[in-house]
Amino acid sequence: MKKLFAILATLALAVFAFAGCGGDQAKSSSSASTTVTSSSGAKTLKVGATAVPHAEILEQAKPLLAKEGIDLQIVEFNDYVQPNLALNDKELDANYFQHEPYLKNFIDEHKEVKLVNAAGVHIEPMGIYSHKVKKLDELQDGASIAIPNDPTNGGRSLLLLEKAGLLKLKEGVGEKATVQDIVENPKNLKFQEVEAAQVPRTLDDVDAAIINSNFAMQVPLDPTKDAMFIEDSTSPYVNIIAVRAGDESRPEIQALIKVLHSDEIKNFINEKYKGAVVPAF
């Protein structure tokens, strides 16, 4: 019996030691840079993106980068927070989902994050949508409006409502506008602030919603046909490639930017999205 207990104890210690090593290896790999060279000699570039249109555009870039000896790996996200945290933690080499005002605000709120804009790629016009009315002038007094709850997209949506003539904001507040900055609200609009990715789900519960084009197209809505009012091409909200500070000149990042600024990608964007996504290069 004593021999049996001794054998079991030895096995338990061995299992514990193995598990401990595995944990250390996982922690180490998650903190390392993700760009490696494969057995075929191609360098791996891992880029985080939201599904539409970013991941779709990156899929078109993949074979073009392969010709440059780069294996593009696309990691999809469905929110606006994790892609920046993952990039800062070196789980990604770049991300592609946001505009610069959002990135600047994110950095203000997360002082540990050291990310920069490497290049602009496209604009996704924000639009006003509804399942209950066909035109903006059909909105009744006290109508409920869903808007994104993050500071930059929230302010952007209020500026869009102002441009549509539905309200007036405090002079000079710009993209940092909040509902508290509304100085004229003739229709007494009521606002529901929701995470940007969840705004399309509110359409059956509110009278109208301000939706980013990438999330609108996932529902699916056609921004050029279904939006009652939409940003024009003068929008400053260009979606960018973000990287860690100091990585802007890395050959793999420069190759990615070159491909995303190519005629092939421009033609794909124009033909695929027909104005719902607009090249910014």
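Ala196 sits in the loop that links β9 (190-194) and β10 (208-211), where strands (E, at least two residues) and helices (H or I, at least four) are DSSP runs numbered from the N terminus. The model is predicted, so local features need pLDDT of at least 70 and side-chain atom pairs count only at pLDDT 80 or more, while totals for chains, interfaces and linings use all residues. Residues are numbered from 1 along each chain as its sequence is written, and side-chain values use heavy atoms, with hydrogens and water left out.

**Surroundings of Ala196**
- Ala196 counts as buried at 4% relative accessibility, buried meaning under 20% relative accessible area, exposed over 50% and partly exposed in between (1.4 Å probe, protein chains only).
- Beyond its neighbours within four places in sequence, Ala196 is in contact (heavy atoms within 4.5 Å) with Tyr80, Pro148, Asn149, Asp150, Asn212 and Phe215.
- Pro148 is 48 residues from Ala196 in sequence, yet their C-alpha atoms are 4.5 Å apart.

**Aromatic pairs**
- Rings of Phe, Tyr and Trp (its six-membered ring) pair if their centres lie within 6.5 Å, with planes under 30 degrees apart counted as stacked, over 60 as edge-to-face and the rest as tilted; this rule gives six aromatic pairs.
- Tyr80 and Tyr102 form an edge-to-face pair, because their ring centres are 5.6 Å apart and their planes stand at 65°.
- Tyr80 lies in the loop between β2 (70-77) and α3 (82-88) and Tyr102 in helix α4 (residues 100-109), so this pair ties together parts 22 residues apart in sequence.
- Phe97 and Tyr102 are also edge-to-face, because their centres lie 6.2 Å apart with planes at 75°.

**Aromatic cluster**
- Tyr80, Phe97, Tyr102, Phe106 and Phe215 form one aromatic cluster.
- Among these residues, Tyr80 is buried at 10% relative accessible area, Tyr102 at 7% and Phe97 at 3%.
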